[in-house]
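Have the viewer open as you go through the points.

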Amino acid sequence: MADAAYYKTVTNKSTFKKHFKAEQRVPFIKLDHVAAHKWGRPELFGLAVKPKVVQHLPVLSEFTPPSNEPTPKEIEKFINGPGSDYMSRSEHSLVRDPIIGESLGRAWAALASFTAPRNELRSDEEDDAETGSRSKRTRIQTTQEDYVDSSMMRVDSSSSNSDESKGTPSSVGYVDKSSSSARARKENETLRLFSCVTRHVLHYAFPQENDFVDPVVEFRDYASWHVASTPNGGRRVAAMDDRGLVLREFDEGRLLQKNDYVMLVEAKSEFQRIVDGKPILTDECLGQMTCEAMAARLKDFSEEKSKFKDGSVIIAHPTQQYVCFLQFDVTDSYLEVFEENFDLMPPAFLRVYITRYLDLSTMAGRKAFVATMSSLMIWAREN
């Protein structure tokens, strides 16, 4: 049986110490160097990651929109959602609908790739032709509209891969080209949906609801490398995100990028592990995002002026139409000591806050998404 996920196992200093000893873990300084996508349980213990599941990211708690601020029309349309026929309409039809508009038309078309029945999607038929069999779509039903309902989640066998407990696909000795292609396509669809809904919120939600905004938070529509060396051991830490948010500001008529790290994005094509109907954030997935947060923060740590308030790195983690947010508190004091050797108790912990998944196909999920993104924009523009 695979170990329970790290974020469910290590909830405080006592459980860290207990499992660090029982699993014979070692500090980060003693670990072999591996690529970001191979980070997992050893690195989480080595870096003394201390996760906590939360309702909202703590760093954004003081940056909420005014309660008396009216909801912009385009944001109200987004929260209310598409009409009941959106899954049977083309993107062309949705975009040219004068009530829906281009921005939401693209978003609803992207959402339909996950919510429409499989037999209505040509891309799924193409997958069947490639693999020679028809696989079932991962379906998650919710009673609470914004969060995953563990009792109603149904996942086909292809979603519950054994990779999380047996190592990476390289241990198999070959790569299934058709399966790899299908995963890549689904991840691209995830990124497209997340890009569409995020752009819509950035363009129309408070505090960027006006025609001219300065400074402005914008979507970075390309992957970015984050490469740095640890301050004491000089160890190379490198990772690539999938997309991100940046802060731009006008300076003497030029639009300059002032902050590359407002938020990073790490997308997945599907949930890597399902237990009792609930999606589980695997050690490998959390490890990869930890590497991204460390690489970005270490790179920033070497510069004169930090772009991270209190060292907080925010990462959005979309999976199909679901998204959760993570906050990594990689403080200066932590970076100064995390490479030290220790027996059971580390000199400092890396605190990580993980929100529950929001379902962008529901009204409550979209409303919570808007609230999070509005707070993020206020936070970024005021720092």
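1. Let's begin with charges over rings. In this predicted model, R235 sits over the face of F28, at 4.3 Å from the ring centre. A second case involves R220, which lies over the face of Y222 at 5.5 Å from the ring centre.

2. Now to ring against ring. The count of aromatic pairs comes to 16. One of them joins F20 and F342, a tilted pair with 5.2 Å centre to centre and 35° between the planes. This pair links distant parts of the chain: F20 belongs to helix α2 (residues 13–22), F342 to the loop between α11 (332–337) and β11 (350–355), and 322 residues separate them. Are F20 and F342 buried or exposed? Both are buried.

3. Together with Y6, F16, F45 and F349, they form one aromatic cluster.

4. F212 counts as exposed because its relative accessible area is 59%, and the cut-off for exposed is over 50%. F250 has a relative accessible area of 36%, so it is classed as partly exposed.

5. A search of the whole structure finds four cavities of 30 Å³ or more. The second largest cavity has a volume of about 50 Å³. Which residues line it? The lining consists of N259, Y261, V262, K307, F308, K309, W379, A380 and N383. Two elements, β6 (254–265) and α12 (363–381), each give two or more residues to this lining, and β6 provides the largest share, three residues. Sorted by class, the lining of the second largest cavity has five nonpolar, two polar and two charged residues.

6. Finally, a loop worth a look. D97 lies between α5 (91–95) and α6 (101–115). Why is D97 classed as buried? Its relative accessible area is 17%, and buried means under 20%. The D97 side chain reaches the backbone nitrogen of I99 at 2.9 Å.

Notes: Residues numbered from 1 in each chain as written. Predicted model: local features only at pLDDT ≥ 70, side-chain atom pairs only at ≥ 80, totals over all residues. Heavy atoms only, no water. Helix = DSSP H or I, 4+ residues; strand = E, 2+ residues; numbered from the N terminus. Buried < 20%, exposed > 50% of the residue type's maximum accessible area, 1.4 Å probe, protein only. Polar contact = N/O pair within 3.5 Å; in protein donor to acceptor, adjacent residues only side chain to side chain. 1 Å grid on protein atoms, 1.4 Å probe; cavity = no way out; pocket = protein on both sides within 12 Å on 5 of 7 lines; lining within 4 Å. Points joined across faces, edges and corners; volume = space filled by probe spheres on them. Nonpolar A, V, L, I, M, F, W, Y, C, P; charged D, E, K, R; others polar. Phe/Tyr/Trp six-rings, centres within 6.5 Å; stacked < 30°, edge-to-face > 60°. Lys NZ or Arg CZ within 6 Å of the ring centre and 35° of its normal.
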